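Me: I am new to this structure and would like to learn how to read it. Could we go through it together, one feature at a time?

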Amino acid sequence: MQTSYWLRIVFIKFYFVLTLIPISITAQNEGKQFIHPWNDTTLVISDRIDSLLAVMTIEEKVSQLLYNSPEIPRLDIPRYNWWNEALHGVARAGNATVFPQAIGLAATFDNELVERVATAISDEARIKYNAAIAINNRERYTGLTFWSPNINIFRDPRWGRGQETYGEDPFLTSNIGLAYVRGLQGNNPKFLKTAACAKHYVVHSGPEALRHEFNAVTPLKDFYETYLPAFDSLVRKGNVAGVMCAYNKTFGEPCCGSKFLDIEILRKNWGFKGYHVSDCWAISDIHTFHKYTSNSLESATLALNSGIDLNCGTSYSSLVEAYNNSKVTGHQIDTAISRLLRTRIMLGMLDPIGSNPYDTINKNRLRSPEHMDLAREAATKSIVLLKNNGILPLKNNQKKMVVMGPYATDAYVMLGNYHGTSGNIVTILEGISNIINPGTTMEYKPGFLPLQDVNKSVDWITKDAHTCDAIIVVLGISNYIEGEDGDALASKDKGDKRNLDFPQHQLDFLEKLSKNGDKPIISIITGGSPLYMEKVHEYSDAILWTWYGGEQCGTAVADIIFGEQSPSGRLPVSFPAKDNVLPDYEDYSMHNRTYRYMLDEPMYPFGFGLSYSRVNYSEVETRNNNQASVTIKNQGNMSVEEVVQLYISFSVMDLKLPKYALKAIQRIPLGPKEAKSVSFTLNDDMFVYYDNKGIRHDYKGNAKLIIGGSSPSSRVMELGGNNRAEINIIR
């Protein structure tokens, strides 16, 4: 093997010396400035890569397998740091538009909107990259390889990083993820606009405190039906440029050292051609925490042999020793670096400046008015109306109002984790202040502290509030409470929530406020994961859930409160009721998890969200067993957007299929009293399932199509939601 490898290298060197160097000289004479063959844009990518591999030493090759790849001056290869983030905007790199956190983007149920958001993000990424290169800033967070999106399934509401995901459903996660990748990577047939990366592969969903060591063992049925579909979709349908392996073990093997995950499934079954990167320092976890190997050399060898191309960490420095001791081959190293070089070439990084269509992108697009308007649209469509007894929308002629709660003036609760910075973050108080009638008297009082309450000798705030026509209270949690290990400073569980209890001091304040008078209370809730909401629901006349809504969240909240927009967000996660029994956090089966398998009725169902009108669903009709249609009608006098959701319920119970499974979504605008027919195409993929051995089957038998504005639940009508229509079919 080693002999044939070196014969190939000798041949490549001889070939390029005789042929390609004269070609590069000719190109220079034509003014194209091709310094080396690997800079020659007239060559196919594989030839450019081979020309570079032919002249690199083993030490140079290994150095390029590290995320902070050093410069190779003699070959004019610049330094490149692969680590960059763009979860909901260019992150950690200064000025950039901050869109709603990923869970908020999922709440829009709007693929087209999410693709526009990601397109705006990739515009800003290119502008910032071009500017950074111009001043030779090649530090972390300046590159074009973004380690986003996070397409893990939000299987447990206690997970602090659930806010980074697109929720609990594999279909919604797949579709929002695909839209995000399309927007990040662009549609140029030759170049990548930026390189997206699907993470964290796989079954990575808490506990956060154990993320470097836990072993996720899940039934193969759940593995293939729930945990894998989004990764499968982004690889095979989305041509995602990168995939990141997770810290944890799955089925007893470290995810960054599993031939089953990384070679059999990812490379062979799905045909993944992109680059495979470790989560940061995940390869060192293999020996440090998993104790699967004895040292860095063994861990690096295992990872490379398992198909991991790029090490976010330093373990791959030992690959020179592994090569010298014949533990890895030159061919393996060349294969890994070839994938990385292909990504860099497709990003235009080895081309003469000016030959890439994104080198001259208009710098005025950075935080442009259009992008800020898009952030406002995304925030508006992400906000979920959970309760409304008729108080909303408010008429903008109130004589006196009061806004309460410390989060009303807190820009941090707009951001979520992995965020950029903006000089135009509109807090909720600012948003309301900007739109309120100039004749209205409005006061702001914090009322309580963000993280704890204190004893008050005199409480005039709650009593005084009831001299107002409307009371707005901003409640909830923030990234101090939930997030990634190390970021959530007030979390006692390294970013996770120990339970779903709503902060007690906030409940006490809200209860006192509700009992101190009869004025309407509008509760605005921030947070990225479910909480127990029974008491908030009881004490409030209306509830808006805003997630971490991005820089324009305050404006979006005001637009909805005063009826400039009708709310249209939908829950991408179920909100359990307090008496629901949460499964063991460290159990990775899907039993009793998410709306698909939940045994108890939730407080707020997956897909649920109210608007300022009622939409009626008529009887479903089917045609040729591959078309389903339903008529929806806006019963009210205000324009709305209805999120029409198609679910399938399977009748053959011994197959242990989900109770309900989301299979299609359409966002439909409806004018006052307007009716429309909405059609769905039924395809075979909607009726696929896996058995307990992980073998794929086509479902045969009775099934039910259910079309409505939420997942099927007896709670929907109780909460004021729309009806649904359903029909039995046979496959």
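Reply: Gladly! Let us begin with a rule for strands: two of them pair if DSSP finds at least two bridges between them. Helices (H or I, at least four residues) and strands (E, at least two) are themselves DSSP runs, numbered from the N terminus. In this structure, V474 has I524 in β13 as its bridge partner. This is a predicted model, in which local features need pLDDT of at least 70 and side-chain atom pairs count only at pLDDT 80 or more, while totals for chains, interfaces and linings use all residues. Residues are numbered from 1 along each chain as its sequence is written, and side-chain values use heavy atoms, with hydrogens and water left out.

Me: Which strands are joined to β13 by bridges?

Reply: Strand β12 (residues 470-476) runs parallel to β13, and six bridges join them. Strand β14 (residues 542-547) is also parallel to β13, with five bridges. There, I525 has W545 in β14 as its bridge partner.

Me: How does the chain cross from β13 to β14?

Reply: A crossover is called right-handed if, with the strands pointing away from the viewer, the path from the first strand over the helix to the second runs clockwise. From β13 the chain passes through helix α18 (residues 534-539) to β14, and this β-α-β crossover is right-handed. Another right-handed β-α-β unit is made by β12, helix α17 (residues 504-515) and β13.

Me: Is strand β13 largely enclosed or open?

Reply: Buried means under 20% relative accessible area, exposed over 50%, and partly exposed in between (1.4 Å probe, protein chains only). Six of the six residues of β13 (residues 521-526) are buried, so the strand is largely enclosed by the rest of the structure.

Me: Which way do the residues of β13 point?

Reply: In a regular strand the side chains alternate between the two faces of the sheet. Here I521, S523 and I525 point one way, I522, I524 and T526 point the other way, and all are buried.

Me: How many disulfides does a search of the whole structure find?

Reply: A disulfide is a covalent bond between the sulfur atoms of two cysteines. It is counted here when a pair of cysteine sulfur atoms lies within 2.5 Å. The search finds two. One joins C245 to C256, with S to S 2.1 Å, and its 105° about the S-S bond makes the link right-handed. C245 lies in strand β5 (residues 242-245) and C256 in the loop between β7 (253-254) and α9 (259-269), so the pair ties together parts that are 11 residues apart in sequence. Both cysteines, C245 and C256, are buried.

Me: Where do C280 and C312 lie?

Reply: These two are joined by a disulfide, with S to S 2.1 Å. C280 is in the loop between β8 (275-278) and α10 (282-288), and C312 is in the loop between α11 (296-305) and α12 (319-324), so this pair ties together parts that are 32 residues apart in sequence. C280 counts as buried at 8% relative accessibility, and C312 is buried at 0%.

Me: What kind of aromatic pair do F251 and F260 form?

Reply: Rings of Phe, Tyr and Trp (its six-membered ring) pair if their centres lie within 6.5 Å; planes under 30 degrees apart count as stacked, over 60 as edge-to-face and the rest as tilted. The whole structure has 27 aromatic pairs. F251 and F260 form an edge-to-face pair, 6.3 Å centre to centre with 65° between the planes.
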